[in-house]
Amino acid sequence: MINEKTMELLISSFPKILEFGLKVTLPLAVIAFILSTVLAVLVATVQFAEVPVLKQICRFYIWVIRGTPLLVQLMVAFYGLPLIGIHANPFVMAVIVFTINEGAYSAETMRAAMEAVPAGQLEAGYCVGMNFMQIMWHIILPQSFRTAFPSLFNALISMVKDTSLASSITVVEMFTRTKQIAGQSYNYLPLYIEVAIVYLLFCTVLTFVQKRGEKILGSYGVRK
Amino acid sequence: MKLLEIRNLHKKFDSTEVLKGVDLTVEKGDVVSILGPSGSGKTTLLRCINFLEKADEGDLVFGEKTYHLPKTSRDDISSIRKRTGFVFQNYNLFANKTVLHNVTLGLTSARHIHAKAAEEKALEVLRKVGMADFAGQYPSQLSGGQQQRVAIARALATDPDIIFFDEPTSALDPELTAEVLEVMRELAHEGMTMIVVTHEISFAKEVSSKVVFMAEGKVVEEGHGADFFENPKEDRTKEFLRLTKN
Ligand SMILES: Nc1ncnc2c1ncn2[C@@H]1O[C@H](COP(=O)(O)OP(=O)(O)O)[C@@H](O)[C@H]1O
Ligand SMILES: [Mg+2]
C-alpha cells in the first residue's frame with residue numbers, strides 16, 4: 001500500500017515537519033500557556049478578593065472571550081491591532097491572542113480551585129497576623145495551583161493542537177508546513193497522518209511531563 | 001490588670017440575633033472558660049473578638065485602647081490579631097506547609113522575622129507541645145491531637161498577649177483529648193492568658209480563674225473557678241451542669 005515513493009516522501013518530510021513543530025507550534029503553545037497562567041492567576045485573584053470594579057472587568061473579559069470563537073479572536077486581532085498602532089509579527093500576535101484566550105478559561109479553573117480551599121485556611125492565616133496577599137501567596141495559591149494543575153495542563157495539551165488555527169493569521173506552524181509539503185507532492189493523506197503522529201508524540205510527552213509535575217507538586221504527604 | 005474587655009457585643013446573622021449584648025472582662029493571666037449549650041454563640045463571640053466575624057455593635061478594650069467593633073480599621077484589626085492567637089476546633093493547619101513552616105509562617109511572613117530566628121523560635125514552641133520531632137511532616141500525616149498541638153505551637157510562636165481556644169478538643173478521641181489538655185494545662189500554669197470555649201467540665205474546673213456560662217446569645221452567669229461549679233446561682237446553669245455531669 002505504501003509505495004517506495006511515499007515512504008521516501010514521509011522520511012524526507014519528517015525533519016521538516018518536526019522542525020516547525022519544535023520551532024513554532026510548541027513555543028507558541030508553551031509561551032502562551034505560561035503567560036495565560038499568570039494572567040489567569042491575576043484575574044482569579046481579583047475575583048477571589050472581590051475587588052470592586054476590577055472584578056466586573058474580569059467577568060466581562062471572561063464573558064467575551066469564552067463567548068466568541070478563537071478563530072474570530074485571531075482575525076479581530078490580526079486586522080484590529082494594526083489599527084490601534086500595534087504592529088506585531090504574526091507569531092507574537094498569535095501568542096497574545098492565545099494568551100488572552102486561554103487566560104479566560106484558566107482564570108475560571110483557578111477561581112474554582114481557590115474557592116475550593118477551605119475557608120479555615122484563610123482564617124488561620126489572618127489569625128497568625130498575615131494579610132490577604134501574604135495568605136494568597138503562601139497558602140491559597142500553592143493549594144489552588146495544586147488542585148488546578150491537571151486541568152491547566154489539559155488546556156496546554158488542547159492548545160498545542162489549536163495552534164494550527166494560527167495559520168489563519170499567516171503563522172506558518174507545523175500543520176501549515178505539512179500542507180505546503182503535501183501541496184508540492186500531491187500526496188496528502190500520508191503526510192496528514194504523519195503530522196497527526198507528530199502531534200500525538202508532542203501530547204504524549206506533555207502527558208508524561210504532567211504526571212511528573214503532579215508528583216513534584218506533591219500532595220502534602222496525603223499519599224505516601 | 002485588665003487585658004481585654006468586651007462591652008455590649010451584638011451580632012446578627014441575617015435577621016437572627018446570635019449575640020445579644022455580651023460583656024466580658026479578662027485580666028492578664030486569666031484562664032476564662034466559656035461553657036454553654038451548642039448554638040449559644042460561643043464560637044461567634046470568639047470570632048467577633050478576632051474580627052473573623054464583624055460585630056454589629058459593641059466595643060473592645062484591648063491593652064490601652066478601645067475599639068468600636070463594627071468600625072475598627074484594617075490596621076487596628078491587623079495589630080490586634082498580631083497580639084492574639086487563635087486555636088480552632090478543626091485545627092486549620094496550613095495543609096501545604098510542614099509542621100515547622102506552619103509555625104514559622106506567622107513570624108517570617110507576617111512579622112518579617114529572619115528565617116533562622118523564626119525556626120529557632122518554632123522549634124522551641126514545638127518542643128513545648130512535644131511536636132519538635134515532627135517538624136518535617138505535613139499536617140495530613142498527623143493525628144488530630146498532634147495537629148492540635150501544632151496549632152497551639154503556631155499560636156504560641158508569636159508571643160501573643162492572649163490565646164482564644166474554640167473547643168480545641170471536641171473533634172478528638174478521649175486519649176488525644178488528654179494530650180491536648182495537658183499542653184493547655186501547662187500554658188495555664190505558666191500564666192498564659194486564655195479564653196477557652198470548652199465542654200471539658202473537669203478541665204474547666206481545674207484551670208479556670210473565671211467561668212462564663214452562656215445561653216441563647218447572653219452571658220447567663222459567671223463565677224470564679226471552682227466556686228462556679230459548686231454554687232451555681234441561675235437555674236439554667238444548674239440544669240446545664242446537671243446534664244453535662246456524667
Ligand atoms: N456564618 C453563620 N451564618 C449564619 N448563622 C450562623 C453562622 N455562624 C453561626 N450561626 C448561628 O449562630 C448561632 C450560634 O452559633 P455558634 O456561635 O457557632 O454557637 P456555639 O459555638 O455556642 O455552638 C447558631 O444558631 C448558628 O446556627
Ligand atoms: Mg462552637
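How much area do chain A and chain B bury between them, and what share of it lies on carbon and sulfur atoms? In this predicted model, the two chains bury about 1,800 Å² between them, with 58% of that area on carbon and sulfur atoms. On the chain A side, the residues that lose the most area to chain B are A:Cys127, A:Val128 and A:Tyr220, which together account for 33% of what that side buries. Counted by contacts, 19 residues of chain A meet 24 residues of chain B.

Helix 5 (119-127) and helix 6 (132-162) of chain A each supply at least two residues of the side that touches chain B, and helix 5 gives the most, with 7 residues. By residue class, this side of chain A divides into 9 nonpolar, 8 polar and 2 charged residues.

Turning to chain B, 4 strands form an open antiparallel sheet in the order 2-1-4-5. Strand 2 (16-27) and strand 5 (65-68) of chain B each have a single partner strand, so one side of each is left without a neighbour in the sheet. Neighbouring strands are turned by 15° against each other on average, direction ignored. Strand 1 (residues 2-13) and strand 2 of chain B run antiparallel and are joined by 9 bridges; here B:Lys2 stands opposite B:Glu27 of strand 2. Helix 1 (residues 42-49) of chain B lies across strand 1, strand 2 and strand 4 (57-62), running at about 115° to strand 1.

Conventions:
Residues numbered from 1 in each chain as written. Chains lettered and ligands numbered in written order. Predicted model: local features only at pLDDT ≥ 70, side-chain atom pairs only at ≥ 80, totals over all residues. Heavy atoms only, no water. Contact = heavy atoms within 4.5 Å. Buried area = accessible area lost by both parts, 1.4 Å probe. Nonpolar A, V, L, I, M, F, W, Y, C, P; charged D, E, K, R; others polar. Pairing = 2+ DSSP bridges. Axes fitted to C-alpha atoms, helices over the stretch in contact; angles between N-to-C directions.
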